[in-house]
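Me: I would like to work through the strand pairing and helix packing of this model, one question at a time.

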Amino acid sequence: MEHRKPYFFVGIGGSGMMPLAMILAGQGAQVAGSDRSLDQARLPAKFDFLARSGIALFPQDGSGIISAEQIVVASAAIEETVPDARRAAELGNARMTRAELNARLFNAAPLSIGVAGTSGKSTVTGMIGWILHALGRDPTVMNGAVMKNFVTSDAPFASALVGGGGAYVSEVDESDGSIALYRPHVAVLNNVSLDHLPMETLIALFGAFIARAGKAVINLDNGEGALLAATMPRERLLTFAIGATADLTAINLREQRYGIAFELAREGAASIPVTLQVPGRHNVSNALAAIGAAAAAGLAVEEAAQAIQGFQGLKRRFELAGEAGGIAVIDDFGHNPDKIAATLDTLHAFDGRLLLLFQPHGYGPLKVMRAELVAMFAEKLGAGDVLVLSDPVYQGGTTSREVTSADIVADIAATGRNAVYIPDRAAAAAHLVATARAGDRIAVMGARDDTLSQLAAEMLARLED
């Protein structure tokens, strides 16, 4: 796609904004941007990398928007009172959302593969990207997380991959309705569960998404997904499941502490042994989705299954920060009921107490997910496990605080589980470090805040001391 005008990203350090800016820069576009975290001197390594990639960075004070020719791309978190937004209004700049720009690139690609679902999008996107890369298809990949396979000393924040092979692989977001912008050749639907929106809204959005696809790859283990699969013509459908009958079925699962093995079964063909470098049943499901997407894109199932065994995982997706004194520290993106439950199930497959620090990703999601979060923790926490909630991440702007972390903790404690509210995140971390003993696993969980990885590293350092 040709880029004739320069772009200016407001909030360029965001998990969805940064890879898109990197893709544009990699395609030869002129890219600049600003970010509140840059002004606050948070995560300097990230912005140093962007600068080394040829992206000009400015304070978020309007000074970077110097011409009406610039296309201003703003993240959902940017309010109209931000100086950059006011400056763009004064000059009359063309405006785009992150999703509008990504959809334009996606829809223009000769082969577009869109990954949708409430949970697992980033992992499946990374898996598909790795399969296509390993099999020589040279894809462009737009991800919301850093893909370990593509990290190098020159590219430590590899949440994007810029290729010349014509394939564009991207996760697509339902939370703001922007999934409606995408017209995929191959649509992956990993699951449908409560997160940001009411269930009936999610079903409508995901149903329309797969209806627009040339071929849909759908998880039959998910009830809503199975119902949506029934609406698709059989010739445009490829299904996957664990144990149940599907086009791609995983059988004979064998859990490992930091991986999992299974056999891939298909009707009329010999089963294929697969060993993943990422753990948990949910990653078997993710792998089936990725193999299915590769097959729908014309690759051989056998080759895709072989390639996926080289997938190293994503940053902050059940990532082992390290071990000290017999205590493991895990950095994890879990933030909604399904994601957290998958992490807890994976951890509980082996002995040891769990010490969980959960920083919710906003007050709005706490309100939407309150009952489901409480029910999940009541079911999944073990008798000896300890859960600590800090206040939700807050990086400025206006927000309603109708439901707080204290409310969630009170609800969970009423079920008899060990939940504690410690507002300050550093104090919450110190509490868990002081509590930990050999054999425990500490998990730092939450989204929308890259500094959680720093917190996990700091906790590990304290344990080492």
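**Strand pairing and helix packing**

Me: In this predicted model, which residue of strand 19 is the bridge partner of L356?
Reply: Strand 18 (residues 354–358) is joined to strand 19 by four bridges, and the two run parallel. The chain passes from strand 18 through helix 12 (residues 363–380) to strand 19 in a right-handed β-α-β crossover. Within strand 19, the bridge partner of L356 is L387.

Me: Which residue of strand 20 is the bridge partner of L389?
Reply: In strand 19 (residues 386–389), V386 and V388 point one way while L387 and L389 point the other way, and all are buried. Strand 19 also pairs with strand 20 (residues 419–421), in the parallel sense and over three bridges. In strand 20, the bridge partner of L389 is Y421.

Me: Which strands are the edge strands of the open sheet?
Reply: Six strands form this open sheet, in the order 16-17-21-18-19-20, and their pairing is mixed. Strand 16 is joined to strand 17 (residues 327–332) by five bridges, the two running antiparallel, and E323 stands opposite A328 in strand 17. An edge strand pairs on one side only, and this holds for strand 16 (319–324) and strand 20.

Me: At about what angle to strand 18 does helix 14 run?
Reply: Helix 13 (residues 405–413) packs on the sheet, where it touches strand 19 and strand 20, and its direction makes about 155° with that of strand 20. Helix 14 (residues 425–435), for its part, lies across strand 18, strand 19 and strand 21 (441–445), and its angle to strand 18 is about 175°.

Me: Is helix 11 roughly parallel or roughly antiparallel to helix 12?
Reply: The contact between them involves residues including P337, I340 and L344 of helix 11 and M369, L373 and F377 of helix 12. Helix 11 (residues 337–348) and helix 12 pack with their axes 10 Å apart and at an angle of about 10°. Because angles under 35 degrees count as roughly parallel, helix 11 is, relative to helix 12, roughly parallel.

Me: How many of the 14 residues of helix 6 are buried?
Reply: Helix 6 (residues 121–134) should span 20 Å at 1.5 Å a residue, which agrees with its end C-alpha atoms being 20 Å apart. Its buried residues, among them V124, M127, W130 and I131, pack against strand 6 (111–116), strand 7 (140–142), strand 9 (167–171), strand 10 (186–189), helix 9 (281–296) and helix 10 (301–308). Helix 6 is thus mostly covered, and its buried residues number 12 of 14.

Notes
Residues numbered from 1 in each chain as written. Predicted model: local features only at pLDDT ≥ 70, side-chain atom pairs only at ≥ 80, totals over all residues. Heavy atoms only, no water. Buried < 20%, exposed > 50% of the residue type's maximum accessible area, 1.4 Å probe, protein only. Pairing = 2+ DSSP bridges. Right-handed = clockwise from strand over helix to strand, strands pointing away. Expected span 1.5 Å × (residues − 1). Contact = heavy atoms within 4.5 Å. Axes fitted to C-alpha atoms, helices over the stretch in contact; angles between N-to-C directions. Parallel < 35°, antiparallel > 145°, perpendicular 65-115°, else oblique.
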